[in-house]
Amino acid sequence: MTTDAEVVAEEVPAPESSRVGGWRAVARKEIADHLLSGRFVVLMGVLGIATAAAVFAASGGIRDVAPNAQGITALFLKLFTVTAEPVPFPLIVFVGFLAPLLGIMFGFDAVSGERSQGTLPRLLSQPIHRDEVILGKFVAGLTVVSIMLTALVLFVSGIGILRLGVVPTPTEISRLAVWLVFAIIYVGFWQALATLSSVLAKRASTSAMIPLGIWLVLTLFGSFIFGAIASVLSPRDGSDAAELAYLQTVQNVSQLSPVTLFQQGSSVLLDPEVRTVGLVTVEQVDRAIVSELNLTQSLAVVWPQIAILVALTAVMFAAAYIAFMRDEVRA
Amino acid sequence: MASTIRSRKLTKTYGEHTVVDRLDLDIDAGEVFGLLGPNGAGKTTTILMLLGLIEPTKGKIEVLGLDPRWNPIEVKRKVGYLPDAVGFYDPMTGRENLRFTARLNGLDDYEDLIESLLDLVGLGEAGDQPAGEYSRGMKQRLGVADALVKGPSILILDEPTTAIDPEGVVEMLNLIQRLAKEEGVTVLLASHLLHQVQAVCDRVAIFVRGKVVAQGTPHELAAVDKEGNIRVEFRLGGDPSKSRADLESLGTVSDVSPGRAPGSWVANLESGSLAPTVSGLVSKGADVIGVHRLDEDLETIYRRYFEIEEEEEATV
């Protein structure tokens with residue numbers, strides 16, 4: 001026997017429910033695509049090898065100094081922040097380097113790929129809103145990225161526990177979790193930028209080049225560009241006050257770059273001893289007591305970084321969304 | 001009878017360029033309507049406006065009583081669309097591609113439906129091959145199945161026969177006809193290949209540079225030329241020069257020229273003047289052996305409208 005509710009559900013095609021479900025269908029397909037795609041397998045392989053190398057080096061370095069060191073707390077988190085031969089960078093730098101690439105990889109062909117395959121008109125002629133296409137793809141990309149980054153952190157933790165014999169404290173685990181979310185938002189920024197580029201560029205190759213170019217410029221020439229902007233806004237005349245003002249301006253300007261934001265945020269979140277990301281004068285640190293911040297205090301320090309990064313990501317996503325809504329379907 | 005697709009003064013301009021110019025369409029339920037015209041005539045733009053994917057500059061559209069501008073989702077729920085040069089997700093099989101479409105349409109129980117659609121378009125065997133391995137014709141057929149997943153009451157096919165082999169064309173056209181006749185689906189068919197599609201269309205509109213230059217059944221269009229005249233071949237007995245003179249003396253006849261056989265003459269007649277002309281001939285004592293109305297195929301008409309367009313272009 002069927003109840004009245006079931007009969008109604010059968011007779012009336014529920015437009016609301018399928019409206020809600022549209023982006024889910026898109027996301028579901030995209031996630032399956034990503035997980036089965038060659039680029040995912042290659043990325044996971046590269047990630048695994050690079051991470052393993054970095055974490056072995058770091059844990060080796062920590063083991064070498066650990067017997068002599070006194071009072072090092074948050075030892076476990078050092079796995080992510082310590083540089084040791086032969087790997088030239090700590091893990092957080094590696095992730096900072098990798099995150100934009102991940103975002104670009106999962107965003108650059110979001111729309112341009114549909115266009116070049118000739119599937120866009122067919123997709124848009126289905127009874128779904130256009131925004132569901134963008135939203136579904138964005139959610140799918142971030143889901144896969146979250147899986148990858150979480151796996152990476154767990155992998156590092158596993159190796160660290162084995163090699164160091166140190167089990168992370170609850171505080172360290174919460175720091176890692178917050179940092180993971182922060183890193184995912186950072187990837188989200190690049191994915192949104194790549195998605196915007198995929199709407200604007202007619203070909204997938206062009207659409208990959210735009211965000212890659214922006215990333216390279218910000219990474220390689222960032223400090224030069226920020227310095228140049230700051231010297232216009234706050235000219236130096238040789239005096240200490242002007243110099244300080246200039247450095248302050250550099251600091252402020254550079255915080256518009258997601259690359260800087262992520263670096264600063266990461267260093268504070270993963271290192272309880274870092275108390276500021278801003279300028280510190282000698283007078284300020286003189287006779288300061290070395291102590292650790294708790295997570296809430298660290299969060300208070302990087303709150304601006306987190307807020308700006310979230311805002312930049314949201315703006316980028318909105319731009320991609322608007323561009324796609326205004327996009328002509330014509331091939 | 002209520003039109004399923006209706007447009008009034010539908011216009012789309014891009015800057016200075018008018019792509020669709022005050023188009024009036026009336027397509028009845030259950031008919032196969034051919035929108036025929038060369039590439040760049042504005043066919044695809046018209047279709048995308050009907051689907052609510054392009055905003056019209058001016059004019060009114062109604063699809064199944066809905067305005068695609070305000071109700072695109074409802075329209076797209078009921079209209080199946082096969083785009084020009086349809087594409088599929090290459091790594092996914094034909095079946096998986098159809099599943100995705102089914103989910104986008106909010107369907108839950110679709111396996112049987114997909115199976116029957118694959119059989120319908122003759123891809124029952126190939127359903128589990130990756131779509132990337134499909135030939136152009138197979139993709140085109142999968143595209144028809146894809147457009148049918150939602151159980152549409154209108155099917156819009158953009159260049160369904162382009163780039164497929166002649167045998168495939170025949171199959172495609174049979175399929176279209178079957179859908180219209182058996183399932184009662186209204187079909188709007190856009191094509192530049194007239195001779196291929198004219199056979200299956202109940203009515204056609206000839207669409208050149210954003211304007212409909214002629215509209216009607218293929219038969220009506222074929223029989224009337226641009227001045228509204230019909231071409232008729234008369235076979236007359238007796239002295240050929242006398243019979244020609246008889247013919248030319250009638251006011252309804254113009255442009256008399258020799259026909260294929262001796263004693264036969266081809267002439268232009270004003271539309272509707274066939275009977276008076278024949279009785280005029282008889283009253284002049286001519287020996288009327290046969291009267292044959294010459295139908296042109298659409299190709300000829302089509303070319304003629306092109307020529308007009310080109311002449312107009314030249315005089316501008």
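Visitor: Where is Thr51(A) found?

Guide: Happy to start there, keeping in mind that this is a predicted model. Thr51(A) belongs to a helix of chain A that covers residues 38–65. That helix is α3.

Visitor: Is Thr51(A) buried or exposed?

Guide: Leaving aside neighbours within four places in sequence, Thr51(A) is in contact with Leu91(A), Phe94(A), Leu152(A), Phe155(A) and Val156(A). Its relative accessibility is 1%. Buried means under 20%, so at 1% Thr51(A) counts as buried.

Visitor: Which helix of chain A gives the most to the nonpolar patch?

Guide: The patch on the surface is formed by Leu216(A), Val217(A), Leu220(A), Phe221(A) and Phe224(A), with about 520 Å² of accessible area together. One helix, spanning residues 204–220 of chain A, gives three residues. The helix that gives the most is α10 of chain A.

Visitor: And Phe224(A), is that residue buried or exposed?

Guide: Phe224(A) sits in helix α11 (residues 222–233) of chain A and is one of the patch residues. Its relative accessibility is 63%. The cut-off for exposed is over 50%, so with 63% Phe224(A) counts as exposed.

Visitor: Over to chain B: what is the strand order in the open sheet of four strands?

Guide: The pairing in this sheet is antiparallel. Strands β11 (253–258) and β13 (287–294) of chain B each pair on one side only, as edge strands. On average, neighbouring strands are turned by 25° against each other, direction ignored. Read across, the order is β11-β12-β10-β13.

Visitor: Which residue in β12(B) does Arg235(B) stand opposite?

Guide: Strand β10 (residues 229–237) and strand β12 (residues 264–270) of chain B pair in the antiparallel sense over seven bridges. In β12(B), the residue opposite Arg235(B) is Ser264(B).

Visitor: Which helix lies across β10, β11, β12 and β13 of chain B?

Guide: Helix α9 (residues 240–249) of chain B lies across β10, β11 and β12, running at about 160° to β11(B). The helix that lies across β10, β11, β12 and β13 covers residues 274–283 and runs at about 25° to β10(B). That one is α10 of chain B.

Visitor: What is phi of Arg22(B) near?

Guide: Arg22(B) lies in strand β2 (residues 17–28) of chain B, and it is exposed, with a relative accessible area of 54%. Its phi is positive although the residue is other than glycine, with a value near 45°.

Visitor: Where is Ala85(B) found?

Guide: Ala85(B) also has a positive phi, near 50°, and is partly exposed, with a relative accessible area of 46%. Its place is the loop between β5 (79–82) and α3 (94–104) of chain B.

Terms used: Residues numbered from 1 in each chain as written. Chains lettered and ligands numbered in written order. Predicted model: local features only at pLDDT ≥ 70, side-chain atom pairs only at ≥ 80, totals over all residues. Heavy atoms only, no water. Pairing = 2+ DSSP bridges. Helix = DSSP H or I, 4+ residues; strand = E, 2+ residues; numbered from the N terminus. Axes fitted to C-alpha atoms, helices over the stretch in contact; angles between N-to-C directions. Contact = heavy atoms within 4.5 Å. Patch = residues over 30% accessible without salt bridge, like charges linked within 9 Å, V, L, I, M, F, W, Y side chains within 5 Å. Areas by Shrake-Rupley, 256 points an atom, 1.4 Å probe, with all protein chains shown as cover. Salt bridge = Lys/Arg side-chain N within 4 Å of Asp/Glu carboxyl O. Buried < 20%, exposed > 50% of the residue type's maximum accessible area, 1.4 Å probe, protein only.
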